[in-house]
Amino acid sequence: MGTETPKKGLLKELKDFFSSIKLSIVVLITLAVTSIFGTVIQQEKDPAVYVQTYGPTVARIIEVLNLSDMYHSWWFQLLLLLLLVNITVCSIRRLPQAIRLMRDRDPVFDGRPVAIQERWEHRVKGRSAAEAAEAVSQVLAERVGKVERKEVDGKIYLFASKQAWSRMGVYATHASLFLFAVGALVGAQWGFKGFVQIPEGTTVEQIQLRSGGLHDLGFAVRCDRFELEYYTDPEGRPTGRPKAYRSDLVVIEDGEETVQKTIVVNDPLIHQGIFFYQASYGQGGGRWAVLTVFGPRRNILVHRETVARGGRVELEEGERLLLRDLTGDFRRMGPAVEVALERPGQAPESIVVFQAAQGNMRRLGDYTVRLEEVDVVWYTGLQVAYDPGVPLIWAGSFLITLGCVVAFLASHRRVWARVQEDAKGTHVFLGGNASRNRMSFERRFGELTGRVSEVLGS
């Protein structure tokens with residue numbers, strides 16, 4: 001009659017499942033693979049974008065699995081939660097053993113389950129056990145660390161260890177993964193991302209969230225000035241390629257200006273943990289332009305006159321010049337205006353005049369128009385992000401770096417010695433192990449025994 005294998009309790013089965021290394025590998029690989037989708041698939045776009053890009057079938061899959069906002073999806077956060085539980089249970093289950101090994105400094109290894117990887121024996125004549133033990137103790141203190149000594153039944157036991165703290169390297173890595181997961185969950189639950197457009201001279205207190213809806217900042221942000229700079233050609237004319245753009249922002253709290261900062265790309269304004277990145281720009285409407293108009297005989301009819309949009313200036317013989325429109329960036333060629341010549345009984349004739357570093361004049365009927373200056377209201381486009389999990393991510397980055405350094409460069413090295421007298425003299429035994437990097441320990445142990453042999457003599 002065969003014996004039945006005792007069944008595990010439910011609690012034991014759950015503990016085994018959540019502390020499984022296989023579970024860790026599966027979860028980490030799944031997170032890595034799904035993160036590829038979050039990188040390849042544009043996040044938080046309009047559903048029509050996915051239909052146009054991938055077709056209706058794939059777009060439907062993206063919608064059902066929430067791949068368009070993957071990092072906030074329930075299944076991705078469930079994976080993170082599973083990783084958290086796995087790391088926690090693994091650490092709780094294995095940490096006591098690591099602490100016990102770190103604290104174990106008992107020199108007596110006989111009769112105990114001590115894993116001795118390297119062994120060395122030597123017999124000394126003409127020295128007592130106490131003398132030999134003292135010599136061995138000095139070498140251990142010199143090469144390994146503080147020596148513990150105990151004498152039992154005429155045998156002298158010695159023990160020394162080094163870098164016991166290195167056993168915590170793996171737990172630093174565990175803690176880093178824990179912080180990464182917690183940081184991601186905190187950011188997903190309480191963080192937000194959005195955008196806002198602020199025309200020069202105006203103030204906003206809300207932003208448009210990527211997920212839809214508005215979010216109150218709890219303070220106001222004003223754009224005092226937006227500046228756009230173009231590359232120029234050898235003749236000083238704008239090429240239409242933006243060289244730099246910057247925004248002068250002011251944070252207002254309780255009616256007082258608390259923060260002022262000029263931001264450029266990759267140099268955001270940060271306030272209360274909220275990042276305001278310079279992302280885009282545009283025109284919020286033009287107000288006026290400064291024009292100079294020459295008559296048919298190259299005589300100046302209008303000299304640097306400020307004309308509002310939709311305004312007119314009188315020319316000769318009842319003709320008028322209409323400022324139809326103006327822009328700070330016409331087809332990426334810089335500031336320009338559209339002007340029309342109004343003549344009695346005739347259809348208006350219009351042209352576009354650009355502003356350049358050296359001025360730009362164009363013929364319009366019998367006249368020549370030069371654009372001197374354009375006043376345009378710009379708006380700054382800001383990406384706004386708040387992620388309260390970032391400090392946890394940074395802490396995790398520090399810990400994982402520390403854990404990797406400890407794992408590759410340090411190991412817990414332990415050496416035991418037993419010295420006893422018998423009929424043939426004094427017998428010396430050395431044994432040792434290392435928590436990792438056994439080849440390096442083998443070399444160090446050889447150097448140690450060589451030094452002991454040299455000190456003891458034959």
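Predicted model: local features only at pLDDT ≥ 70, side-chain atom pairs only at ≥ 80, totals over all residues.
**Strand pairing, burial and cysteines**

Q: What makes β4 and β17 count as paired?
A: Strand β4 (residues 192-199) runs antiparallel to β17, with 8 bridges between them. Pairing requires that DSSP find at least two bridges between two strands, so β4 and β17 qualify.

Q: Why is β17 called mostly covered?
A: 15 of its 20 residues are buried. Buried means under 20% relative accessible area; exposed means over 50%; partly exposed lies in between (1.4 Å probe, protein chains only).

Q: Why is L371 called buried?
A: The relative accessible area of L371 is 1%, so L371 is buried. L371 lies in strand β17 (residues 367-386). Strands here are DSSP runs of E, at least two residues long; helices are runs of H or I, at least four; both are numbered from the N terminus.

Q: Which residues is L371 in contact with?
A: Setting aside neighbours within four places in sequence, the contacts are A289, V290, L291, P335, A336, V337, V353, F354, Q355 and N360. Contact means heavy atoms within 4.5 Å. V353 is 18 residues from L371 in sequence, and their C-alpha atoms are 6.4 Å apart.

Q: Why is A160 called buried?
A: Its relative accessible area is 0%, so A160 is buried. A160 is placed in strand β3 (residues 155-162). Not counting residues up to four places away in sequence, A160 touches L140, V144, G145, K146, V147, R413, R414 and V415.

Q: What makes D69 a residue with no salt bridge?
A: D69 is buried, and the nearest side chain of opposite charge, K193, is 8.0 Å away. A salt bridge puts a side-chain nitrogen of Lys or Arg within 4 Å of a carboxyl oxygen of Asp or Glu. By charge, Lys and Arg are positive and Asp and Glu negative; His and the chain ends are not counted. D69 is in the loop between α4 (56-64) and α5 (74-103). Not counting residues up to four places away in sequence, D69 touches Q43 and E44.

Q: What is the strand order in the open sheet of 5 strands?
A: The order is β1-β19-β18-β3-β2, with antiparallel pairing. Its edge strands, β1 (118-124) and β2 (147-152), each pair on one side only. From one strand to the next, the twist averages 15°.

Q: How do you know that β1 pairs with β19?
A: β1 is joined to strand β19 (residues 425-434) by 7 bridges, and the two run antiparallel. E118 stands opposite G432 in β19. Helix α9 (residues 438-456) packs on this sheet and touches β1, β18 (413-422) and β19. The direction of α9 makes about 5° with that of β1. Such angles run from 0 to 180 degrees between N-to-C directions, and axes are lines fitted to C-alpha atoms, for helices over the stretch in contact.

Q: Why do β12 and β15 stand at the edges?
A: The open sheet of 4 strands has the order β12-β13-β14-β15, with antiparallel pairing. β12 (312-314) and β15 (349-354) each have a single partner strand, so one side of each has no neighbour in the sheet. The twist averages 25° from one strand to the next. Strand β13 (residues 320-327) pairs with β12 over 3 bridges, in the antiparallel sense. E314 stands opposite R320 in β13.

Q: Is C404 buried or partly exposed?
A: C404 has 34% relative accessibility, so C404 counts as partly exposed. C223, at 0%, counts as buried.

Methods
Residues numbered from 1 in each chain as written. Heavy atoms only, no water.
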